[in-house]
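Where does a folded chain leave empty space inside? Rolling a probe the size of a water molecule over the atoms shows where empty space is left. Follow the search below.

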Amino acid sequence: MPLPEYKDLLLPTLKKHFGYDAFRAQQQAIIEHVLEGNDTLVIMPTGGGKSMCFQVPALLFEGVTLVISPLIALMKDQVDGLKANGISANYFNSSQTAEEQYTILEQVANRNIKLLYVAPESLPGLSNILNDRFISCIAIDEAHCISSWGHDFRPSYQQLGFLKKSIPNIPIIALTATADKATRQDILDQLQIPHAKQFISSFDRKNISLEVRPGTDRVKQIISFIKKRPNQSGIIYCLSRKNTEQLTKKLNSNGIEATAYHAGLNFNERNKVQEDFVYDNTQVVCATVAFGMGIDKSNVRWVIHHNMPKNIEGYYQEIGRGGRDGLNAHALLFHSYSDVIQLRRFALGAANEDVQIAKLERMKQFSEATTCRRKILLSYFGELLEANCGNCDVCKNPPQIFDGTIIAQKILSAVYRLNQQEPIGMVLDVLRGAHNASVLEKGYQNLKTFGIGKDIAWKDWQHFIIQLINQGYCEIAFHKNNALQLTEFSKHVLFNGAKVPLTKPLHIAEPKVAEKAPRKKAKRSKTTTEDTLFERLRKLRYNIAKEEDIPAYLIFSDKTLIEMERVRPMSLMDLMDVSGVGQHKAEVYGDEFIAEITNFLGAKLKKEKKKATHLITYDLYKKGLSIEEISMQRKLKSTTIYSHIAKLHSDGKNINIYDFVSKSEVAEVKKAKSALESPSSLKPYYDYFEEQLDYFKIRLALSVIENA
Ligand code: ADP
Ligand code: ZN
């Protein structure tokens, strides 16, 4: 089929199979380029929508699209996702039996399959079908794995150059989220497609909000952060295996479902943690950086760095695991000098020590920034943002600058009195006048500067010292026990009256409730989520996913559920208008979702109606109408009106209850209540009074007793 005919099919194909109404920036241009038979390189950030760039063409090509992918877990996820959309796809790898593999080859030969995923190692098994009779296109996912300059080099990727040589006339599309220029050209050279057109998207992930906080009491802050987000999946990156385990324990004891993930676990254990997270069985994973590579989970709502990453590449990749569905996600980084010092220690002695330390320095600058963080991040990747982002902590809370000269003088003179021999912690102890063993041992309590900074919190002193370091007024001597030392500039402040601008510390107030709540209550907060339509749909999705044994987000993304909640479709036609609902999913899951929506709305309407009816009675009651009159006017039985009166009274509305039931009757009912041991229905009372006291009086009396 010539391209113009394809062109008209692109949007309908997207809508029919994936349920989306429009292509994202660049997607259409890329897809057209591939369909024209051209080699292509796609550079797009994680979550940008790379898969669509070869999946849509695959549906339009006659033959099979071969997708080279490095990890079995990733392949499985993508194939499950395609199948959930009714697209015929499969993978081919060493975990399958010869028989299974044969069946797949047959599918290819019969053109019964649109996409076939394969790891480079397994390519030889496909030699019989590796020709243009069967294959229409080759997609190479995670293409940076081919370059030893990339951060995730895989030797098995290096042989892929043979593909272009052996089937020169079918297009290759290589895709990666790695931006740097040298790697890009290396990828193309190695794949033998040096002139392939490059499509490079912006690296800005606008939906991820960025925040950095000082690392003091970070565990407490993390607990409170998670409690504010019940049911939201998140990842916490830690520096060491020990960190992950300790943090997991603390979270568990605070009623949060969390598991640890690190290289110390065996293959099966790691798989289990990963799967439980992907399937929404575990809310939080505390992990080392080993976690995440094989994970496509689209509804990770937040990523926390318990410790500072060692470079911006790592940081960006890790926060990129949040918000792949395009909904808002939060990236929170805790910054502490002890992390910087430890990371420096790791870097020392490495072959590329200088590079590592320079990268750490950039990471540190990012953490300490007082200007838009996204600008800093993107400029690191060579992209310039014109305006401030508005979605980082600095943009949201611009730092307030004040004259910090006196504070600076106090810090610098303490450093001076300590003979420039002590690290930040000790300088702070001296300023704050701490009487701890190490202070007393060295006799620092006798220094002139001892205790001159009692009025300022430890955390805030730390914030000020970091700024002095950044402005060059003092420095850390990493080779001398991390001692804080003076610089050339210090003199100007100490002796020449130079003014030092400082920014006020930001005090992040997490709600106190969650932290102070007793254990029991805290536990409950995990499970009690509001009964919203979204929660109902989420549960339905979870149950279906369990039955089908695929991750929940492959059924429908969070974004799609949110739109269902908003639009409330009650028919298949309406449901198909929701973004993310294609024809196949509508047919397979539509009825269940519509039933859930209808039920929810029905119950809600009923509730509202009920609520309204007793309030109407209240209005009439307030106008002075008698029960009989209200009953006549509303065409309702008087017993119904009495039940409204009872409800209004127990709701605390202003009802003269003794107009309807006497004090002695109330006393009698009270006696009956204790004799009957508080029965749960009214019938036992009715029998107790030998049918002589009306139901409505019993109900009213009970209402008086309960509200006494
Ligand atoms: P990447 O591989 O670049 O990390 P994915 O291909 O996994 O990203 O896409 C991320 C998410 O965006 C997926 O949930 C995908 O379905 C969705 N998506 C892709 N293209 C579109 C589009 N045109 N409209 C809406 N959602 C899209
Ligand atoms: Zn910003």
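Helix 23 (residues 533–548) gives the most to the lining of the second largest cavity, with three residues. Helices (H or I, at least four residues) and strands (E, at least two) are DSSP runs, numbered from the N terminus. A cavity is a set of points on a 1 Å grid over the protein atoms alone where a 1.4 Å probe fits but cannot get out; lining residues have an atom within 4 Å of a point.

This is a predicted model: local features need pLDDT of at least 70, side-chain atom pairs count only at pLDDT 80 or more, and totals for chains, interfaces and linings use all residues. Residues are numbered from 1 along each chain as its sequence is written, and side-chain values use heavy atoms, without hydrogens and water.

Stay with the second largest cavity. Its volume is about 30 Å³, where a volume is the space filled by probe spheres set on the points, joined across faces, edges and corners. Y279, Y542, A545, K546, I550 and A552 form the lining. Five of these residues are nonpolar, none is polar and one is charged. Here Ala, Val, Leu, Ile, Met, Phe, Trp, Tyr, Cys and Pro count as nonpolar, Asp, Glu, Lys and Arg as charged, and the others, Gly among them, as polar.

Across the whole structure, the search finds two cavities of 30 Å³ or more. Helix 14 gives the most, with three. The lining of the largest cavity has six nonpolar residues, no polar ones and three charged.

Key
Chains are lettered from A and ligands numbered from 1 in the order in which they are written. On a 1 Å grid over the protein atoms alone, a cavity is a set of points where a 1.4 Å probe fits but cannot get out, and a pocket is an open set with protein on both sides within 12 Å along at least five of seven lines; lining residues have an atom within 4 Å of a point.
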